[in-house]
Amino acid sequence: MVSQSVNQHAPLDPAALADSLRPFGESRMLPRAAYVDPAVFDWEQRHFFGGGWLCVGRSSQVPAPGDLRAEPVGAGSVLLARDEDGALRAFANTCRHRGHELLPCGSAAQQRVIICPYHSWTYSLNGNLRAAAGFKNRPGFQADRWGLVELPVEEWHGLVFVDGSGAAGSLADSLGTLEEFVAPYEPERLTVAGQHDYEVAANWKILTENYHECYHCPVIHPELCKVSPPKSGENYSAPGTWIGGWMDLRDGMDTMSLDGSSGGISLRKLDARGRRTVVYVNVFPNVLVSLHPDYVMTHRLTPLAADRTRIECTWAFAPEAVAAPGFDPGYAVEFWDITNQQDWRACESVQRGLSSPHAVPGPLSAEEDAVYQVVTMIARGYQGQPVWNPSAAARVS
Ligand code: FES
Ligand SMILES: [Fe+2]
């Protein structure tokens with residue numbers, strides 16, 4: 001099977017997509033329907049969210065053998081299971097009997113086996129069918145044919161990725177050079193000490209595009225501009241499945257917080273440059289990782305509808321900082337909660353604005369080069385080209 005979406009175009013005007021793919025400086029934003037049309041949303045669920053690597057959570061949410069968790073992947077959901085050997089597995093969250101979900105999507109459990117809540121078919125943590133009431137002596141019934149459908153799963157710096165297509169190749173190939181930017185922060189070693197869950201009335205792409213530009217910062221983020229110059233930094237050239245860039249901290253500011261001071265400890269492997277910058281990366285399609293000198297903030301986006309997105313935002317710190325007496329993650333959490341809310345308000349207004357039939361795709365400023373990267377990656381995907389394979393993506397860009 002070929003990786004997702006090849007030759008399966010999204011239901012969008014080809015001429016409008018061609019405009020989105022014109023050279024930077026001449027291009028237009030995605031067509032309005034990409035943000036408001038339920039048919040486009042359904043296509044994205046199948047091809048972007050269910051058709052390749054997708055972040056479905058954190059390793060620390062399924063740390064021990066017997067830990068189970070169900071998360072949405074595209075049109076369906078996936079059951080994560082830590083098996084008896086400590087390996088993480090992912091199964092389609094659908095019973096092999098008549099399809100009942102093995103665990104309600106969004107919930108977690110700790111069990112030695114996986115038991116379907118409908119007729120109690122029972123699977124081991126490695127997906128093998130162990131018991132099916134009434135089938136034991138049935139002629140011709142081969143239990144080994146009725147194990148759970150397993151999907152590729154990989155853990156990368158404490159994040160869990162599942163390939164809903166089963167055919168996307170290795171995650172490392174897909175991420176390419178991102179490893180070298182993220183590794184010094186050792187996110188897998190850090191302790192999550194803050195979490196906010198948001199539900200925003202905006203399309204997931206509006207949130208992603210907003211993440212990738214600071215053209216709006218002087219207008220809506222006074223707190224951010226106090227600690228980080230909005231015109232600082234650059235974006236990386238990153239063929240493949242991620243987009244990112246960095247920004248400076250102002251002189252005298254140690255991190256992103258309301259007064260620029262850190263209530264934590266600098267991450268131990270960062271060089272002088274890492275201690276003076278904030279790195280922003282987006283692993284397509286749904287996870288935004290913001291790497292600070294002393295903490296890592298992660299936004300995981302789950303699209304709920306064309307105009308609605310759930311966002312799980314977590315803040316992780318060095319374990320030695322969290323263990324220190326009096327540690328309070330609020331310096332980071334409050335700063336970004338204020339900034340997040342400013343962003344969500346703007347994004348919700350964009351969604352309302354784009355609901356007008358008179359909305360027409362606009363041009364991008366010189367400061368929106370990473371938005372151009374997002375738009376062109378998505379537009380290529382809409383055209384049925386593989387966005388998950390870095391070499392293929394590089395060929396078509
Ligand atoms: S659907 Fe799962 S046991 Fe019947
Ligand atoms: Fe913002």
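His157 lies in the loop that links β10 (153-156) to β11 (159-163) in this predicted model. Its phi is positive, about 50 degrees, although His157 is not a glycine. Most residues other than glycine have a negative phi. His157 is also buried: its relative accessible area is 16%, and the cut-off for buried is under 20%.

Glu186 shows a positive phi as well, of about 45 degrees, and it is not a glycine either. Glu186 sits in the loop between α5 (178-182) and β12. With a relative accessible area of 9%, Glu186 counts as buried.

A further backbone feature concerns a peptide bond. Most peptide bonds are trans. The bond from Phe284 to Pro285 is cis, with omega near 5 degrees. Pro285 belongs to the loop between β15 and β16.

Strand β14 (residues 242-248) runs antiparallel to β15 (residues 277-283), and seven bridges join the two. Within this pair, Trp246 has Val279 of β15 as its bridge partner. Strand β15 is then joined to β16 by five bridges, again in the antiparallel sense. Here Val281 is bridged to Val289 of β16. β15 and β16 form a hairpin, with three residues between them. Next, β16 pairs with β17 over five bridges, also antiparallel. Ser290 has Met297 of β17 as its bridge partner. A hairpin through three residues joins β16 to β17.

How many of the five residues of strand β16 (residues 287-291) are buried? The count is five of the five, so β16 is largely enclosed by the rest of the structure. Both faces of the strand are covered. Val287, Val289 and Leu291 are buried on one side. Leu288 and Ser290 are buried on the other.

Rolling a probe the size of a water molecule over the atoms shows where empty space is left. The count came to one cavity of 30 Å³ or more. About 40 Å³ of space lies in the largest cavity. Its lining consists of Cys55, Gly57, Arg58, Leu159, Val287, Thr298, Arg300, Glu312 and Thr314. The elements that give two or more residues to this lining are β1 (53-58), β17 and β18. Strand β1 gives the most, with three residues. By residue type, the lining divides into three nonpolar, three polar and three charged residues.

A second open sheet has three strands. Their order is β6-β7-β8, with antiparallel pairing. The edge strands are β6 and β8 (129-131), each of which pairs on one side only. From one strand to the next, the twist averages 35 degrees. Three bridges hold the antiparallel pair of β6 and β7. In this pair, Ile115 has Thr122 of β7 as its bridge partner.

Ser120 lies in the loop between β6 (113-115) and β7 (122-124). Is Ser120 buried or partly exposed? The relative accessibility is 42%, so Ser120 counts as partly exposed. Apart from its neighbours within four places in sequence, Ser120 is in contact with Ile115 and Ala131. Ser120 and Met29 are 91 residues apart along the chain, and their C-alpha atoms are separated by 50 Å.

Conventions:
Residues are numbered from 1 along each chain as its sequence is written. Chains are lettered from A and ligands numbered from 1 in the order in which they are written. This is a predicted model: local features need pLDDT of at least 70, side-chain atom pairs count only at pLDDT 80 or more; totals for chains, interfaces and linings use all residues. Side-chain values use heavy atoms; hydrogens and water are left out. Two strands pair if DSSP finds at least two bridges between them. Helices (H or I, at least four residues) and strands (E, at least two) are DSSP runs, numbered from the N terminus. Buried means under 20% relative accessible area, exposed over 50%, partly exposed in between (1.4 Å probe, protein chains only). Contact means heavy atoms within 4.5 Å. On a 1 Å grid over the protein atoms alone, a cavity is a set of points where a 1.4 Å probe fits but cannot get out, and a pocket is an open set with protein on both sides within 12 Å along at least five of seven lines; lining residues have an atom within 4 Å of a point. Grid points are joined across faces, edges and corners, and a volume is the space filled by probe spheres set on the points. Ala, Val, Leu, Ile, Met, Phe, Trp, Tyr, Cys and Pro count as nonpolar, Asp, Glu, Lys and Arg as charged, and the others, Gly among them, as polar. Axes are lines fitted to C-alpha atoms, for helices over the stretch in contact, and angles run from 0 to 180 degrees between N-to-C directions.
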